[in-house]
Amino acid sequence: QGGDESISTDRMLVLARVRPLNQNEKDDEDAGEVVVYVKGADDSVAHLKQCIIGVNLEGMQNSHKSEKEYRLDGVFAPDADQEEIFNATVPLLRAALSGYNATIFTYGQTGTGKTHTMLGHDLWALAAEIGNEVSDFSEDRGRRGIIPRALQYVFKQIRVMESATSPSWLRRKDKNSDRTFMSGAKKKDNNEVGAKILVSVSYTEIYNEKVRDLLAVKEETSIYTTPNMTGVGAANLSTPSKGSRRGSGYFGEMAAEETSLEIREDKNLGIVVPNLTEISVESEEEIFQVLWKGAQNRAMASTNMNERSSRSHTILGVRLTVNHGGIIRRSKINLVDLAGSERYKTHQMAQFSEQRIKELTSINQSLSALGNCISALTGRQKSHVPYRNSKLTRLLQDSLGGNCRTMFIVTVSPSAASCEETISTLQFADRAMKV
Ligand code: ADP
Ligand code: MG
């Protein structure tokens, strides 16, 4: 397995975000009651410093306690804006730019703000409306979630790194360059001096334990690109595309049902998904095209976008390849919008269709596999982390344990009506706090 020695001493970061009451909740007498509170609130202090979230249980049946409180790394009250949430993720982005894998999850009940937090715009709903253009998504910048802000940040940092922060031993100073060159740098490769950073993205959906490529296209070659830097893209090209998903595209739910991308472990590259489309991007605007394409692909594959997006995990993989004068360092940022974590009682399940039960079962399986991996990572025997129990944990294996930084943002509703789900979400957060 490897990687155990390199486990970062920084543990997982766990944040919670409480959304405001929505109109439906406000209109309902019971649901309109706010039971979630944030403690240590001090308006002069950043929201991140308010790290106790509590649930008032007074109105709840069978409860012996009057409240339950959880201490997390940070709690965002309903009035926190998208920028504040994004700011909390910056340390992970910095880590990714210096060679760590970084993964940010949004976890919570459907309707609590996972997609709002991760993406900001409801891209899925926009994509479902025929005729919408990508420009609809570029508007209203304040609403942008972690994904667009993170990429904007990454590109900004890249510009800085490419121009100014190449290591001093590689930096050429005006005409006396020879003297600033030290051992290790190859003098002949003058053109390679300075950092060159490539960004490529993949967009994956895990639905019913099937891994789908949201960027797959009908035409074999049209958008598939490989960064032309040594070694990059090898993950995609190393395996012949037998039964390739690439090229088949989405032909509705039926066709999509049949195929799942394979997840493999490569000795050098770690977890790889052969045939997964990776698109190199050079600006944040290009990212929107990619996200938009993914959303449209998914819109084509499902009859009900909202339901589909709450029943599948969506993973935006951002691969960074930093070339410092021929020394190549790779890292990856995974931005994961998880499927809704809500649980159903047996009597509720009885009314569901077979398809729905299948969906819920695979969501439950993968979210509990995620929880189990998290628990196992708290133990001493890191080698027994059960990554293979779900596609999600397998895919993110080298981003959960090992040389990586991980953040969970759990989202909750403030409403009394969601009390049970909120507690179960916060218990998940509590477990992650121990990793
Ligand atoms: P999820 O992805 O968890 O199912 P969404 O992100 O789709 O939930 O959010 C459900 C609805 O609530 C959306 O209309 C979204 O715009 C709104 N919403 C979620 N979080 C917030 C927030 N913090 N502030 C304002 N509106 C929010
Ligand atoms: Mg969502």
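Predicted model: local features only at pLDDT ≥ 70, side-chain atom pairs only at ≥ 80, totals over all residues.
Visitor: Which helix gives the largest share of the shell around ligand 1?
Guide: The residues surrounding ligand 1 include Lys114, Thr115 and His116. Three residues of the shell come from one helix, made of residues 114-118. That helix, with the largest share, is α3.

Visitor: How many charged residues does the shell around ligand 1 have?
Guide: Among the residues around ligand 1 are Arg17, Arg19, Lys114 and Arg143. Arg and Lys count as charged. By class, the shell has one nonpolar residue and seven polar ones, and the number of charged residues is four.

Visitor: What share of the accessible area of ligand 1 does the protein cover?
Guide: Oxygen atoms of ligand 1 lie 2.7 Å from a polar backbone atom of Gly111 and 3.1 Å from one of Gly113. A polar side-chain atom of Thr115 is 2.8 Å from an oxygen atom of the ligand. On its own, ligand 1 has 550 Å² of accessible area, and the protein covers 69%.

Visitor: Which residue meets Lys39 in a salt bridge, and how far apart in sequence are the parts that the pair ties together?
Guide: Side chains of opposite charge can pair when their charged atoms come close. The side chain of Lys39 meets that of Glu69 at 2.9 Å, N to O. Lys39 belongs to strand β2 (residues 36-39) and Glu69 to strand β4 (residues 67-71), so the pair ties together parts that are 30 residues apart in sequence. The partner of Lys39 is therefore Glu69, and the separation is 30 residues.

Conventions
Residues numbered from 1 in each chain as written. Chains lettered and ligands numbered in written order. Heavy atoms only, no water. Near = heavy atom within 4 Å. Polar contact = N/O pair within 3.5 Å; in protein donor to acceptor, adjacent residues only side chain to side chain. Areas by Shrake-Rupley, 256 points an atom, 1.4 Å probe, with all protein chains shown as cover. Helix = DSSP H or I, 4+ residues; strand = E, 2+ residues; numbered from the N terminus. Salt bridge = Lys/Arg side-chain N within 4 Å of Asp/Glu carboxyl O.
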